[in-house]
Amino acid sequence: MKQPGPEKLLKEQKIDEEYWAKWEREGGWRPVGWKIVEMNDGPTLNELKPEQFMIVHRPHANFYHHSYGKVSKFFMGLLEGKLYGTKCPKCGLVYCPPRAHCYNPKCKLQETVWIELPKRGEVYSYTVMAIAWPSMAHLQPLVGAMVRIEGTNTCLPMTMRDIDPEKVNIGLKVNIHIEKKPRGDLLDVYATPAEEPKPPKRTPEELKRFKEDMEKTRAWVKKTFGTK
Amino acid sequence: MKGKPLASIVSAGLSKFGKIDGLYARELFAEAAKEAYERCPNLDPKRDIKALFIGHMGESYEHQGHTGATAADWAGLLHVPATRTEAACCSSGVALKAAVYAVASGLCDVVMVGGVEKMTHRSTPEVTEFLAMASDFPFEQWHGITFPGLFALMATAHMHKYGTTEKQMAQIAVKNHYNGSLNPKAQMQKEITLEQALSSRVVAWPLKLYDCSLITDGASCLILTKPELAKRYTDAPVHIIGSGQASDTIGMYEREEFTSIRAAKLAAKTAYEMAGLTPSDIDVAEVHDCFTIAEIIAYEDLGFCRPGEGGRMAENGETALKGRIPVNTSGGLKAKGHPVGATGTAQAYEIYLQLTGQAEKRQVADAEIGLTHNVGGSGATATVHIYRRG
């Protein structure tokens, strides 16, 4: 009988082994500092008295090696600048993010088929992030959106570029792009407006506050990272 | 069956909530357990308690898994069967459901159920990463939108569809901070003004700093018995008369609507049906306000108002301490704090105090029926429990 393994290597973007090994050699998981603090403690709030505690600073990190499983083709597609989704041959639902099996209970986990999707969609909902992930903080204020790709029944989350945060709105038609040098995750995908945006209705007071908030965010980015 | 008690709360405990640098999670849980034992002198924990269920989300925080046995060990319950449940921010809501199964099935006379999380010793990016594990991997964790960002997506959808305003969301924060100021165990015990909330730093528009709940250390627990045994332990039990739980897609991106949480609606339907009650019967509720928009959506999902009216309900003060139906009298996740694994049973702790007249400055007059609403992640799990004064 056939067995699932062993795997056969077809293509590889090698990792920098040194990067990780160096970190392990230089510090590992041993504490790199400590402090002794005093704080109030006791069985209840009425019986608190000062106690001493020792706190250590212990480096700790993970290096994940993981498969994208049965939806690997989506990420392999990104490496080639293509956008793939899946379609249920029974009920016709189209998924992006893809699913290997249809979630419609009537289809009883029917295997889906791969289809290439157009790089066009519509903003289903959005947010303007003023505190983003640390690695993206220099891009603040950063528009994040749920984008429904043309012909699909779900939304692909992604960030937007070339858009004034004040103008982004639900229903905006967008073009979807894949980074020139894709690294093989969803951050390779982003959207730009495909039409002149129609901003949401805001009262003069709300608009003033929004503009001020964005200015504050831009000022913080400038102060922290220099020019944007 | 309708309205029949499934299990009875005869005691409850809550640790301090806040930034408690010195203590381990298990020590916080022991603090909650100690209060529950002290409230109930007739309980002999080692003799009576036949099982422990504990909600705990993240072994990443302290590099400590195996929370069931650890908590039993530190709560003086060595050898008792201990089970840990994990459902993100709904971990102890789900533990409570499991405890109800254990008691209502007749297998256990007395059980302890609780939850714990120790979070504040990790940096904010680390906490953010750990919490993000509650959403779909890889399609919801690596696209650049933060967890507040996911709830902001719900908020913009709600604003777009129903005209809900930033001011209405800020009013939730003002209300919950006021309630928190009356709760000696709350993390934030100070009032804020509407202007403070509205002008606080944007996190993920339309959500600002004061729209977001806190990063908190804390633990909570309850002692449940069979209803017919309740009087053995206390003259003032609180009966659980409805217990609902439901799930939804792990990815928010596959949900048709961002303006409601379907799992919460389904859990509420089950709980109301078991209890034989309607939303208008509820005297006091603790709902999952991880973000202010989530409380507005909760009003609608629980049937306190019609879809789209949650914002106005907040604006009119209907859910204030002296309003038609006081919500989050404890201060909620917003002001009391949100140690994620502890939240579900911490909500039940507040309802226990309210229905037994022990809520002091924040007591709701003559409260007889209470409700808790606990949501995991962006809504892939939800539990709703309904309680009646015994």
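Trainee: Let's start in chain A: in β5(A), what is the bridge partner of K87(A)?

Mentor: Keep in mind that we're looking at a predicted model. Strand β3 (residues 84–87) of chain A pairs with β5(A) in the antiparallel sense, over four bridges. K87(A) sits on β3, and its bridge partner in β5(A) is V113(A).

Trainee: And which strands of that open sheet in chain A stand at the edges?

Mentor: The sheet has three strands, paired antiparallel, in the order β4-β3-β5. An edge strand has a single partner strand, so one side of it is left without a neighbour in the sheet. That describes β4 (94–95) and β5 (113–116) of chain A.

Trainee: Which element gives the largest share of the side of domain 1 of chain A that touches domain 2 of chain A?

Mentor: Eleven residues of domain 1 of chain A are in contact with twelve residues of domain 2 of chain A. On the domain 1 side, α2 (72–79) and β4 of chain A each supply at least two residues. The largest share, three residues, comes from α2(A).

Trainee: How many residues on that side of domain 1 of chain A are charged?

Mentor: Let's go through the classes for the side that touches domain 2 of chain A. Nine of its residues are nonpolar and two are polar.

Trainee: Now for the two chains together: which element gives the most to the side of chain A that touches chain B?

Mentor: The contact takes 40 residues from chain A and 35 residues from chain B. Several elements of chain A each supply at least two residues, including β1 (33–41), β2 (49–57) and α3 (204–225). The one that gives the most, with five residues, is β6(A).

Trainee: What stands opposite M129(A) in β5(B)?

Mentor: β6 (120–129) belongs to chain A, and two bridges join β6(A) to strand β5 (residues 202–205) of chain B. Those two strands run antiparallel. Opposite M129(A) stands A204(B).

Trainee: Last one, in chain B: are α4(B) and α14(B) roughly parallel or roughly perpendicular to each other?

Mentor: The axes of helix α4 (residues 91–104) and helix α14 (residues 343–355) of chain B come within 5 Å. They cross at roughly 70°, and angles of 65 to 115 degrees count as roughly perpendicular. The contact involves residues including L96(B) of α4(B) and A348(B) of α14(B). The two helices are therefore roughly perpendicular.

Technical notes:
Residues numbered from 1 in each chain as written. Chains lettered and ligands numbered in written order. Predicted model: local features only at pLDDT ≥ 70, side-chain atom pairs only at ≥ 80, totals over all residues. Axes fitted to C-alpha atoms, helices over the stretch in contact; angles between N-to-C directions. Parallel < 35°, antiparallel > 145°, perpendicular 65-115°, else oblique. Contact = placed C-beta atoms within 7 Å. Pairing = 2+ DSSP bridges. Nonpolar A, V, L, I, M, F, W, Y, C, P; charged D, E, K, R; others polar.
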